[in-house]
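Dear colleague,

Please find below the structure that I am handing over to you, with its sequence. My notes on it follow directly after.

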Amino acid sequence: MGGISQRQRFLRTLLGGETDRFPFFDLEPDEGTLGRWYREGLPRQQSFSTYFGLETHHSVGLTLHSYPFYQQAPDLLDDPSTFIRHYHPNQRSRYARNFVKQSQRNHQQGRVLYVDASGGGLLQMLGVGDWESLRAACFALMKRPQIVEDLVNRTTDFYCDCLERVLSKVSVDYASFYEPIASNHAPVVSPAMFVRFAIPGYRKVIDLLNKYRVPLRILCTTGGDLTSLLPLLIDAGINGLWISNIRSAGMEYPKLRRQFGTEVALIGGIDATALARDEAAVRKAVEETVPDLLDGGHYLPCLDDRPRITVPFANYRLYRHLLEEISRKG
């Protein structure tokens, strides 16, 4: 099959179309990891992605976090007048400069393009950033439910306003959602609470994504145990899962595939910590996860975390070689 673009390969892999192979993809390692790998043989004259032939994903450049970005907003629950300071859709720094031209260029070059469809999950909407703000949010969920509903509704409307401004100008291949709301044992809210406070917002945003024909709505979350919430999210329109740092048996990909079938696409699932051990562990992590999931389709194999500084370059190179071998077998 000749002439297939990265974008076509990505969409056909996850949506079940015919393609030449699965995409080669991983999250970029941080500077510390790259420093180690340079010392162990990674050429400095090439980027990590170029050296391994990886197909990177490109953001349209929309930032939906509360402002100032990546800082707490604990006043949201107690002072509604601060909302517009934290969430103003006209704030120019929320939109990447020349995002329309850059996005169009990426699509013309056949690259994968995505948009963040949330600035965090339910707890982040309530200003959670530490234990003190988590306690305040939990108290509000129990004792001040109307204030919580109003805040979540306003935040959802803000998301939709910003997304409409972007999606009316550019098309994307997937939208990413984030829901860091669970420990390794369970979510910090009940399914009933999640249905009341979070699911209406998901439905509203996903309706907007459907309006603009965004084919994949992917939940990208860290590996807390979300098993009690996943059916609710999938019913609301999530059709892809990208779980990192999987530490709960209920969130392992073979189990998720048995539970939800191929209607839910999967990205990742390979234990990244295995690469910090030995060759046998690397082979086991790949061979016990990838072939069966690939047989079912709708699966893009990659690590469940970005490679960390504990991973030797030789082990990462072996892992990539194993995936290439599997791709050649079809």
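I begin with the lining of the largest cavity, to which helix H6 (122-125), H8 and H10 each contribute at least two residues. The model is a predicted one, and a search of the whole structure finds 1 cavity of 30 Å³ or more. The volume of this largest cavity is about 130 Å³. Its lining comprises 17 residues, and Ser 118, Met 125, Tyr 159, Gly 201 and Tyr 202 are those nearest the centre. Sorted by class, the cavity lining holds 11 nonpolar, 5 polar and 1 charged residues.

As to confidence, the protein chain has an average pLDDT of 94, and 99% of the residues score at least 70. Among the elements, helix H10 (residues 199-211) has the highest mean pLDDT, 98, while strand E4 (residues 216-222) has the lowest, 90.

The largest nonpolar core contains 108 residues, and Phe 177, Tyr 316 and Tyr 319 have the most contacts inside it. Helix H8 (residues 145-167) is the element that gives the most to this core, with 10 residues. In soluble globular proteins, nonpolar side chains tend to be buried together. Phe 177 deserves a separate word. Leaving aside neighbours within four places in sequence, Phe 177 contacts Ala 117, Ser 118 and Arg 217, among others. Its partners also include Tyr 202, Val 205, Ile 206 and Leu 209, as well as Ile 218, Leu 219 and Cys 220.

Of its 23 lining residues, Leu 27, Tyr 178, Cys 220, Trp 242 and Arg 306 are the closest to the centre. Strand E2 (112-116), strand E3 (174-177), E4 and strand E5 (240-244) each provide at least two residues of the pocket lining. The largest share, 3 residues, comes from E4. By class, the pocket lining has 9 nonpolar, 7 polar and 7 charged residues.

Several positions in the loops may also interest you.

The loop between strand E1 (57-59) and helix H4 (83-86) contains Thr 63. Thr 63 counts as buried because its relative accessibility is 17%, under the 20% cut-off. Not counting residues up to four places away in sequence, Thr 63 touches Phe 69 and Arg 94. Pro 68 is found in the loop between E1 and H4, and a cis peptide bond with an omega of about -5° joins Tyr 67 to Pro 68.

Asn 98 lies in the loop between H4 and helix H5 (99-108). Although Asn 98 is not a glycine, its phi is positive, at about 55°.

Asn 184 is placed in the loop between E3 and helix H9 (191-197). With a relative accessible area of 42%, Asn 184 is partly exposed. Asn 184 and Ala 249 are 65 residues apart in sequence, and their C-alpha atoms are 9.3 Å apart in space.

Finally, which residue is in the loop between H10 and E4? Arg 213 has its place there. Arg 213 is not a glycine, yet it has a positive phi of about 55°. Its relative accessibility is 74%, so Arg 213 counts as exposed, the cut-off being over 50%.

With kind regards

Key
Residues numbered from 1 in each chain as written. Predicted model: local features only at pLDDT ≥ 70, side-chain atom pairs only at ≥ 80, totals over all residues. Heavy atoms only, no water. pLDDT = per-residue confidence, 0-100. Helix = DSSP H or I, 4+ residues; strand = E, 2+ residues; numbered from the N terminus. Core = buried A, V, L, I, M, F, W, Y, C linked by side-chain atoms within 4.5 Å. Buried < 20%, exposed > 50% of the residue type's maximum accessible area, 1.4 Å probe, protein only. Contact = heavy atoms within 4.5 Å. 1 Å grid on protein atoms, 1.4 Å probe; cavity = no way out; pocket = protein on both sides within 12 Å on 5 of 7 lines; lining within 4 Å. Nonpolar A, V, L, I, M, F, W, Y, C, P; charged D, E, K, R; others polar. Points joined across faces, edges and corners; volume = space filled by probe spheres on them.
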